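Open the model in a viewer and keep the selection panel at hand.

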Amino acid sequence: MLTQAPKGTQDMLPKDSHRWHKIEDTMRRVCALAGYREIRTPVFEHTELFQRGVGDTTDVVQKEMYTFFDKGNRSITLKPEGTAGAVRAMIEGHLYAEPLPQKMYYVSCPVFRYEKPQSGRLREHHQLGVEVFGAKDASIDAEIIRLAMDVLEGNGVHGLTLHINSIGCPACRKVYNDALKAFLEPLLPSLCETCRGRYDRNPMRILDCKDQKCKSLIQGAPAMLDMLCEECAGHFEKLKAYLNALGVDYEVDKGIVRGLDYYTKTVFEIITKMPDGSELTVCGGGRYDGLVEQLGGPEMAGIGFGMGVERILMVQDMLGIAQQAPRLIDAFIVTMGDEARLAGEKIVRQLRLFGVKADLDHCARSMKAQFKYADKLGAAKVVILAGDELEKGVAKIRDMETHEEYEKPLDEIVKAIKQGV
């Protein structure tokens, strides 16, 4: 057990780090172009934040949170999603008093959920996401959707399908909940225990049940989209108009409700088709216009999305589009003898200062073994320093692809390497 990662977790090994960097860099670039700034929140928060924010009727709060008491007997939870922590930080930092909207993003945010590990779903995974506070117009809904698709497409995930829905506001949802409960009441004895518990507290959550029997029973349930108030219906029509203006195709999907209680109005999922014909959700999000006030802040609109880094990596693997690793070392210094090693250290330092990736042997290998090691590192050039060369004040440079060699004065080595890689 000592040398085995906990169930539902996995390591990011050095050989894969370039893929994570590419995903993160794409997120940073796309967000910066739209005026978003990075936020980082703690890995753990007070448990009440998620009970009040995410909702105590959700599977996340009821079944999946990693909750414990710290040494001060405070209930602490490893964050199961990114939005509640961002809202808390926004309130505590008084960002609502700054120019609005506040547009922020996070990269590789660790998220913890205790659930059965499966392909693309880990107990610890990492999310990319955005949160926007203080923007009511549907234009921001369309913006973050387009931004999410740009991030996915920038990482090679194409063939995306956008599914959108509206789940209304508290005013029209009350009317809808009454209609939904009337539909569900005769079905209650046949629904699972979890759904029966949701009936009085949050009947809409029943629509998100994963139990196949429940899913079959609730087919034909009334749709929130058909019972929106005038404001919510108008917002949804504006969203569609903005998406059309941005050239984003979409499908209206009345079945999307999302799994967290804080959502209002717009909810969406972005889906990609896999080589075997199956579909996989790669991003989800929506509005949460009442969450800031619910957590102790002013009345303020909010919207965001989240997507899993590990899921993007999995999709890249399945599509055969995993990014090739960049060259690890541009130039390797092969040395023989202590004097040559000292000279090699100076050259390595100079090369690095000029932006050339350079290294030399640190394991006391023979010259032959150093060449083999340089080849394994993928070095484009090898600089050879030995007694004879040092006496003449020169070094040999070998092109590892053509195997051509030529001599250069020691004070011209850096320039020659810089020009040749």
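Start with α5 and α9: α5 passes α9 in a right-handed crossing. A crossing is right-handed if the near helix is turned clockwise from the far one by less than a right angle, and left-handed if anticlockwise. Helices here are DSSP runs of H or I with at least four residues, strands are runs of E with at least two, and both are numbered from the N terminus.

Before going on, note that this is a predicted model, in which local features need pLDDT of at least 70, side-chain atom pairs count only at pLDDT 80 or more, and totals for chains, interfaces and linings use all residues. Residues are numbered from 1 along each chain as its sequence is written, and side-chain values use heavy atoms, with hydrogens and water left out.

**Helix pairs**

Select residues 138-154 for α5 and 230-245 for α9. Their axes come within 8 Å and cross at roughly 45 degrees; axes are lines fitted to C-alpha atoms, for helices over the stretch in contact, and angles run from 0 to 180 degrees between N-to-C directions. α5 and α9 are therefore oblique to each other, given that angles under 35 degrees count as roughly parallel, over 145 as roughly antiparallel, 65 to 115 as roughly perpendicular and the rest as oblique. Show side chains at the contact (heavy atoms within 4.5 Å): Ala138, Ser139, Asp141, Ala142 and Ile145 of α5 meet His235, Lys238, Leu239, Tyr242 and Leu243 of α9. This contact has six nonpolar, two polar and two charged residues, where Ala, Val, Leu, Ile, Met, Phe, Trp, Tyr, Cys and Pro count as nonpolar, Asp, Glu, Lys and Arg as charged, and the others, Gly among them, as polar.

On the α1 side are Lys22, Thr26, Met27, Val30 and Cys31, which meet Leu147, Asp150, Val151 and Gly154 of α5.

Arg19, Trp20 and Ile23 of α1 meet α11 residues including Val309, Ile312 and Leu313.

**A loop**

Go to the loop between α4 (83-92) and β5 (102-112), where Pro101 is found. The peptide bond from Leu100 to Pro101 is cis, with omega near 0 degrees. His94 lies in this loop too, and its phi is near 55 degrees, a positive value in a residue other than glycine.

**Cavity and pocket**

What volume does the largest cavity hold? About 90 Å³, a volume being the space filled by probe spheres set on grid points joined across faces, edges and corners. On a 1 Å grid over the protein atoms alone, a cavity is a set of points where a 1.4 Å probe fits but cannot get out; a pocket is an open set with protein on both sides within 12 Å along at least five of seven lines; lining residues have an atom within 4 Å of a point. Select Ile167, Arg173, Asn202, Met204 and Arg205, which are among the lining residues of this cavity.

Finish at the second largest pocket, of about 630 Å³. Of its 28 lining residues, the closest to its centre are Cys169, Pro170, Thr264, Asp289 and Gly290. The largest share of the lining, four residues, comes from α9.
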